[in-house]
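User: I'd like to go through a few helices in this one. Can you take my questions as they come?
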Amino acid sequence: MNPIAQELNNTIKQGAPHVYEMLSNMGKKLFFPKGILTQSAEAKEKANKVNATIGIARQGSCVLSLTCVTKYITEIEPDDYLPYASSFGLPALRNKWLKEMYVKNPSLEGTVVSLPIVTSGITHGVSIFSDMWVDADDVIVMPDMLWGNYNMIFCVRNSARFVTYKSYDDALTRFNLDDFERVIREQAALNDKIITMLNFPHNPTGYALNEKEADRVAEILIDVAQKGTNVVVACDDAYFGLFFEQETFKQSLFAKIAGKTNRLLAVKLDGPTKEDYVMGFRTGFITYGVAADTNLEGVYEALEKKTGGCIRGNISNCSHLSQTILIKSMEDENYKNLKQEKFNLLKSRAMAIKEVLKDPKYADGFDVYPFNSGYFLCIRVKGVNAEALRLHLLDNYGTGLISIGEDNLRVAFSCLEEKDVKTLFDIVLSGINDLRT
């Protein structure tokens, strides 16, 4: 094993031995190299005569650039977006995101978490999380309704095993806490380490927990950890902030579990993708919350270096331009007001759907899963196959939806105009009746 990796492992073992146990085999081997990057950093500080270390092209004091590229970006200097960013991300953005995390999650007050590391979108963050913490045959507790790409990331790429719980009760009125607890405790009894993904607001159903549900989920995970099982919890907060109802818990579950007990590792995966409506920027963050016996700062530094090494060995670094624009946008005096406008638009669509779906005529064709947040809702169709219905709607009504399994269709109201809401669900009901005859 590389001596730098061994040094980082020793720091983690001394301060938080259970966190070290939770690292994957790859995670234990990862490190941030001290080669070219370190030498370049030293040269940047001391080479005041000639610096020929870093692999970018320069002309005089500026980065070499093409005007056919730079003419499209008029308010940012080329040196602020064309050179490579650090594998950890721009320090200004990392610090700004951390500061905002405490504002958006007041329950984190008094809890020290790591400095967020920049990823190339939240999907990349999930993949980095998988490399760092998931080994072949590790058990990952998942809802039976989940984002399909989790399978590609965890099972296909890292050979983990999903064990699922039923997402909602039979009547589709609430999150199935009982089944979540049953599966978590069963797997904790069978394994020294379990992993779970908490994705609220949820993709594909658009559900976020209420305060009591969030408290209970946190209590279960903390209790299992305190009883001797290593518990790795990833909070996929891709749709964070899009909470549309009063009773919804409006913070990340990360805030309820980070730093609470030494056998529980909390990982927050988030970013501006949906929060700031910059889907193509491909910028996200990964943040750790642990309880250390000693040297918490050192443990976090070691985890950040391993994560930075994982990114370095994967994509090298993330988009400098995207990070620079995000910093500037977050500093804009209109930032919060503009976000509120877009939030209000999405909330208005969700509320319009709820109003339309009160019509009892739809109950003959489908049930509606609980939804109160995010981008999506799901319906459970009655008496027809969901994929057959999807194709029928596409071919005969020019209407596109996503089928999930044999019974479910996903509706992305994020791209559905309010005026089209009733039309959409009337078409779905007509399609169901067509296939029944």
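User: Which residues of α16 are buried?
Analyst: A386, L389, H392 and L393 are the buried residues of α16. They lie on the same side of the helix, because the arc they cover around the axis is only 120°. Bear in mind that this is a predicted model.

User: What do the buried residues of α16 pack against?
Analyst: Their partners are the strands β11 (376-381), β12 (402-404) and β13 (408-412), along with α17 (421-436).

User: How far apart are the end C-alpha atoms of α16?
Analyst: They are 15 Å apart. Twelve residues, 386-397, at 1.5 Å a residue should span 16 Å, so the two values agree.

User: And what caps the N-terminal end of α16?
Analyst: N385 does, with a side-chain oxygen 3.0 Å from the backbone nitrogen of E387. After the helix comes G398, which has a positive phi, near 60°.

User: Switching to α13. How many of its residues are buried?
Analyst: Twelve of the 17, so α13 is largely enclosed by the rest of the structure. Among them are G298, Y300, E304, K306 and I311. The helix covers residues 296-312 and reaches 24 Å from first C-alpha to last, close to the expected 24 Å.

User: Now K28. Where does it lie, and is it buried or exposed?
Analyst: K28 lies in helix α3, residues 25-29. K28 is buried yet has no salt bridge.

User: Which side chain of opposite charge is nearest to K28?
Analyst: D135, at 6.3 Å. A salt bridge needs the charged atoms within 4 Å.

User: What is K28 in contact with, beyond four places in sequence?
Analyst: M1, A5, N9, Y20, E21, L23 and K306. K306 is also one of the buried residues of α13.

Definitions and conventions: Residues are numbered from 1 along each chain as its sequence is written. This is a predicted model: local features need pLDDT of at least 70, side-chain atom pairs count only at pLDDT 80 or more; totals for chains, interfaces and linings use all residues. Side-chain values use heavy atoms; hydrogens and water are left out. Helices (H or I, at least four residues) and strands (E, at least two) are DSSP runs, numbered from the N terminus. The expected span of a helix is 1.5 Å times one less than its number of residues. Buried means under 20% relative accessible area, exposed over 50%, partly exposed in between (1.4 Å probe, protein chains only). The arc is that of the directions from the helix axis to the C-beta atoms. Contact means heavy atoms within 4.5 Å. A polar contact is a pair of N or O atoms within 3.5 Å; within protein, one must be able to donate a hydrogen and the other to accept it, and residues adjacent in sequence count only if both atoms are side-chain atoms. Lys and Arg count as positive and Asp and Glu as negative; His and the chain ends are not counted.
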